[in-house]
Amino acid sequence: MAIRDRERPEIVVGLVATPPDYPAQVVARLAAELADRLADRVDTTVLWTVREDWGAVAPRRDGGAEALLDDLADRRGQGRWDVAICLTDLPLHTGRVPLVAHVSARRRVALVSLPALGLRQLRTLRAAIPDLVSRLLTDTDDERVPPAGWAPAQLPDRVAAIRRMVGEADAGELAYVASRLLGRMRLVTGMVRANRPGRALLGLSKLLVGAFGTAAIALTTSTIWQIGDALGGVRLTVIMLLGLTALVTWLIVAHDLWEKPDRQTPAEVARLFNVGTILTLVLATTVSYLVLFAGTVLVATLLIDTSVLGQTLQRPVGFTDYLVLAWIISSLATVGGAIGSGLEDEDSVRAAAYGYHPEPGGWQDEKDA
């Protein structure tokens with residue numbers, strides 16, 4: 001087998017994650033299977049070798065795709081790769097529409113914006129990357145692989161996130177963009193997916209503990225029982241929304257999660273970062289609220305007997321009354337939980353900010369070394 005491998009022409013594909021946070025996890029999963037997929041989809045007679053690498057921790061947002069492509073081309077030359085693909089979690093744009101992918105034949109590199117792929121990112125990448133590699137090798141007249149059996153304009157038919165192609169294949173620069181409306185919606189959902197709301201939820205554990213403590217105290221106050229019984233569904237809903245809004249606002253302000261436009265971050269990118277941060281926090285706090293609500297219902301049914309609750313409300317009570325009681329208490333406790341959020345570890349809370357990319361332990365960018 002080793003002798004056969006030496007006789008086969010080798011093509012090295014660099015797979016770069018920029019920045020080394022969520023994209024690095026995607027690269028690690030793809031790298032383990034990409035060689036086999038390239039053999040099946042592109043050429044079985046080639047020995048495919050996949051190299052993993054990490055891009056800059058804080059990518060140059062001001063340069064957009066061009067800055068990433070230039071950086072990727074430098075890394076391809078340094079690593080002596082034949083072609084390179086960059087996976088980034090930056091929301092890129094061209095012509096005011098989301099950029100899904102960009103292929104640069106003259107630089108022998110391509111990039112893919114993960115958020116622009118929406119929720120099913122890994123499945124889409126498995127289908128798209130072999131095509132991008134094949135296209136790069138064909139456009140650069142690499143004789144080790146046969147010409148691609150499909151035209152560049154066919155990629156929109158293969159990837160649902162792509163609406164159309166921008167540029168000409170002869171010019172060596174092709175951009176694949178999404179639709180203006182649906183593409184933006186897919187971009188925002190993809191940003192939330194890349195931001196990993198589950199990480200934000202785990203990072204707010206002390207907040208949830210503080211809210212449970214507030215709820216436990218409120219459960220022993222009969223006045224709260226009467227207030228909850230007197231309020232209707234509309235006012236309870238308003239109180240709940242106000243509590244969640246106050247909590248999200250407090251987290252953003254107290255931990256400085258708001259992205260401000262500057263020389264490296266254009267206003268459009270800053271707005272998208274803030275939208276991603278807000279939606280991530282809304283999702284995380286909503287799940288926290290549901291956990292708090294369920295726990296409060298359980299404790300209320302165990303702690304408060306129906307006869308005691310009925311005597312306070314001066315009427316027969318049922319399970320619905322416990323739900324209403326848990327509803328008002330959970331809404332009030334979210335405000336108390338905001339106080340507990342001030343005790344959270346700063347890095348744990350800032351992980352919910354879309355523009356925040358912590359440097360992995362033991363990692364140092366080779367360009368900054």
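Visitor: How many salt bridges does a search of the whole structure find?
Guide: The search finds 13. Keep in mind that this is a predicted model.

Visitor: What does Glu33 pair with?
Guide: Glu33 forms a salt bridge with Arg126, and their closest N and O atoms are 2.6 Å apart. Glu33 sits in helix 2 (residues 22–41) and Arg126 in helix 4, so the pair ties together parts that are 93 residues apart in sequence.

Visitor: Which residues are linked with Glu66 and Arg107 in a network?
Guide: Asp70, Arg106 and Glu173 are linked with them in a network of salt bridges.

Visitor: What about Arg271?
Guide: Its side chain meets that of Glu268 in a salt bridge, 2.8 Å from N to O. Both residues lie in helix 11 (residues 267–303), 3 residues apart, about one turn of the helix. Glu268 is partly exposed, with a relative accessible area of 26%.

Visitor: Back to helix 4. What does the side chain of Asp131 contact?
Guide: The side chain of Asp131 makes a polar contact with the side chain of Arg41, at 2.9 Å. Asp131 is placed in helix 4 (residues 121–139) and counts as buried because its relative accessibility is 5%.

Visitor: Different topic. Where does UniProt put the "transmembrane region" annotation?
Guide: The unreviewed UniProt entry gives residues 207–228, 234–254, 275–304 and 324–343. In the model, residues 234–254 are 100% helix, with the end C-alpha atoms 30 Å apart. Residues 275–304 are 97% helix, and there the end C-alpha atoms are 42 Å apart.

Visitor: Where does pLDDT stay under 50?
Guide: Over residues 361–369. Where pLDDT is low, the predicted coordinates should not be read in detail. The chain averages a pLDDT of 81, and 86% of the residues score at least 70.

Technical notes
Residues numbered from 1 in each chain as written. Predicted model: local features only at pLDDT ≥ 70, side-chain atom pairs only at ≥ 80, totals over all residues. Heavy atoms only, no water. pLDDT = per-residue confidence, 0-100. Contact = heavy atoms within 4.5 Å. UniProt positions renumbered as here; feature names shortened; annotations may be inferred. Helix = DSSP H or I, 4+ residues; strand = E, 2+ residues; numbered from the N terminus. Buried < 20%, exposed > 50% of the residue type's maximum accessible area, 1.4 Å probe, protein only. Polar contact = N/O pair within 3.5 Å; in protein donor to acceptor, adjacent residues only side chain to side chain. Salt bridge = Lys/Arg side-chain N within 4 Å of Asp/Glu carboxyl O.
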